[in-house]
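User: Hello! I am new to this protein and would like a friendly walk through it. Could we go step by step?

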Amino acid sequence: MPISHSRTGVASVCAAALTFSGLVVTGMLAAQPAAAADPADYQNIRINEVTSSNNDTVELYNAGSTALSVSGWKMSDDSFSPQSFSLSSSTIPAGGFVTFNSPKGLGDSDKLVIYTADGTVVDRVEWATNAAKPAMARCGGDGTGAWVTTTVATTFGAANAAGCPSSLPAASRVRINEVTSDGADTVELYNGGTSAVSIGSWKYVDGDTGHSPVSVSSSSPSATSIPAGGYVTFSSTLGLGDNDSVLLVDGNGSTIDSVTWATDGAKPSDERCANGTGWFRTAVTATPGSANSCSGSGGGGGGQTGQLLGGGGSLTSGCTPEAPGGTGATPAGTLAWPGGLDVTIADNVCAFTTSTGPEGRDVSGLAFDPANPSVLWAAKNKNWLYKLVKSGGKWVPDASWSATGKQIRFAGGSGQPDAEGLTVGGNGHLYVTSERDNSNNTVPKDTIMEFDPAATGSTLTPVHQWDMTSQFPQLNTGSKDDANLGFEGVGHVPDSWLTANGWVDPLTGAAYNPANYPLHGSGLFFAGLEWDGSLHVYGLNSDGTFLTFGTIATGKASVMDVTFDAGTQRIIATCDNTCGETHTLMKVNAAGAIVPDVTYTNPAVMPADNLEGFAIAPTSTCANGFREAVWSDDGIYGFGSGSSSYGHALYSGTFPC
């Protein structure tokens, strides 16, 4: 099966653009064939930007994973009936944009409604006087963000981030969070901001353009404001049916939020996943007035069932998959994956076979290079490092560094490090954890090794090596299984983040001051222990010594990878199927301690394997509101009946910017 690209924002895929008279189409694969406009896909087409000045331009965005035909679609405003677009092409690519000029013009205070060929409302937006000058755009995520008047020139045909203000009004954090069309016809609003928002003058309307907006407070007399982090629910007096929508406007008549769903899409409910921020999906259980269950399988407004794309190929002799082990439950309170639902298999079959690992298994740690995000570093347990670059949509070894990877040794050039975790330090060097020496695998050897990626030769030895084995006597039982439960992941956390967030130094009991530790570099290293899911914090000194800054609980039974993500400003502790394939984002709380913030699952289409590596591309790679996320499979995808011809270790998906 040929490799196919997944939906929006995979950073390595260049945007293609086709220009027609009155129309610009941009996106990941502009030439992809259009799918028939299935009603369940309508919600993936969203009004993304509009201007009532100059050429009265409208931008539509396709958040789905396939190109969609918009043949015969129409638009209307506040004063004219639905009119056809003047299109030279009738297709919007997955993750792409279409811009066109309004056939009748748009006014200072107006509304815009988009319809399918059969008259079904797809999306709508309204604005008050001058709110669409220079433009109104969705800010905080193409297709899902809040409607805000932009502060700079418009960004038609491209992601909206460049035109969005640096700070958004408090009202923009209020979102339609859940709707039901099962008779109760309930609408739930959620305030994701830090202050209460007055909604006494707000109104709503359904998908019938003949209906006039109704006051929220008339439907729920107590609904005059929404507290920070709180909810307001009300029953629609207009009724909500199949193929319907809800539009929420403020007291000036400008759109706050909207949602559209297909037949049965809001039965029992249509809810945002993640709560307050994500795309809509049909839920198994309605939860009005509380956090969304995110218990459905997709299919609501803007949501859909994901696909695992790519794979196949001929099995290379010896490239044998390994059955996953240690499967456990997903922690309570875990939220659905916030990025794209589709995932692509992103490496060549049996790409990681080596002289010490001919079966091709055991790819573990992953890390994007902050200085060059087109480079992805990977560690293989049986002592190999790979520098990967994109080619044809796949991550492949960089032949200019080594087409077959470079073998790593312990200090002195001995042993076979059981390389598990990988991070890039502030000096550009690679820091790799090992939990044992595979040439003596019953004895733990929990070390962090520093390698210079610019070093020549096919074998790398550490610039420095720090041995923490004595800190974990529980692993030294003579059992190779216990010895294999040590350092599994590592992340370099910048001093700048620790100081800016007020982290309290466990060694002093005061605010962390990097100047107290002059030999440690520009950050600390957080090593994840597979044994109990704890993080162990170290300062790695240039003289070969180290400082221990204590232990942090992740709330997980185990940790397989650790990364610091500058985009979310969080430390991410990843667990494989042992914890239900989950990622816990860690923050500094008001007391100066590092604690769990939120936990996400993997995309639902991914297998429950020993997925031990995880990396998110830097925000500099963002496209259409998304950036790439990559996973590594320690056992090679494809174990089991009917799929033994697979031998892949890498997956590629998307994560919000």
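User: Which residue in β8 stands opposite Met75?

Analyst: Happy to start there. This is a predicted model, in which local features need pLDDT of at least 70, side-chain atom pairs count only at pLDDT 80 or more, and totals for chains, interfaces and linings use all residues. Residues are numbered from 1 along each chain as its sequence is written, and side-chain values use heavy atoms, with hydrogens and water left out. Strand β7 (residues 74–76) and β8 run antiparallel, joined by 2 bridges, and opposite Met75 in β8 stands Gln83.

User: What is the order of the strands in the open sheet of 4 strands?

Analyst: Strands here are DSSP runs (E, at least two residues), numbered from the N terminus, and helices are runs of H or I of at least four residues. Two strands pair if DSSP finds at least two bridges between them. The edge strands, each pairing on one side only, are β8 (83–84) and β12 (121–127). With antiparallel pairing, the order is β8-β7-β11-β12.

User: How many helices and strands are there in the protein chain?

Analyst: The protein chain has 657 residues, and 58% of them count as buried (under 20% relative accessible area, with exposed meaning over 50% and partly exposed in between, using a 1.4 Å probe and protein chains only). Contact means heavy atoms within 4.5 Å; among contacts between residues at least 6 apart in sequence, 61% join residues at least 24 apart. As for the elements, the count is 3 helices and 48 strands.

User: Is Asn191 buried or exposed?

Analyst: Asn191 lies in strand β16 (residues 186–191). Not counting residues up to four places away in sequence, Asn191 touches several residues, including Arg173, Ile226 and Gly230. Because its relative accessibility is 0%, Asn191 counts as buried.

User: Which backbone oxygen does the side chain of Asn191 reach at 2.9 Å?

Analyst: The side chain of Asn191 also reaches a backbone nitrogen, that of Gly193, at 2.9 Å. The backbone oxygen reached at 2.9 Å belongs to Ser195.

User: Is Pro473 buried or exposed?

Analyst: Pro473 sits in the loop between β37 (464–467) and α2 (480–483). Pro473 and Pro444 are 29 residues apart in sequence, and their C-alpha atoms are 9.1 Å apart in space. Because its relative accessibility is 59%, Pro473 counts as exposed.

User: Which residue in β47 stands opposite Ala615?

Analyst: Strand β46 (residues 611–616) and strand β47 (residues 626–637) pair in the antiparallel sense over 5 bridges. In β46, 6 of its 6 residues are buried, and in β47, 12 of its 12 residues are buried. Gly613 stands opposite Ser632 in β47, while the residue opposite Ala615 is Val630.

User: What is the bridge partner of Ala629 in β48?

Analyst: Strand β47 also joins β48, by 8 bridges, and these two run antiparallel. The partner of Ala629 in β48 is Gly653.

User: Which element gives the largest share of the lining of the largest pocket?

Analyst: The largest pocket is lined by 49 residues, and among those nearest its centre are Gly140, Arg173 and Cys657. Elements giving two or more residues to this lining include β16, β47 and β48 (648–656). The largest share, 3 residues, comes from β45.

Conventions
A polar contact is a pair of N or O atoms within 3.5 Å; within protein, one must be able to donate a hydrogen and the other to accept it, and residues adjacent in sequence count only if both atoms are side-chain atoms. On a 1 Å grid over the protein atoms alone, a cavity is a set of points where a 1.4 Å probe fits but cannot get out, and a pocket is an open set with protein on both sides within 12 Å along at least five of seven lines; lining residues have an atom within 4 Å of a point.
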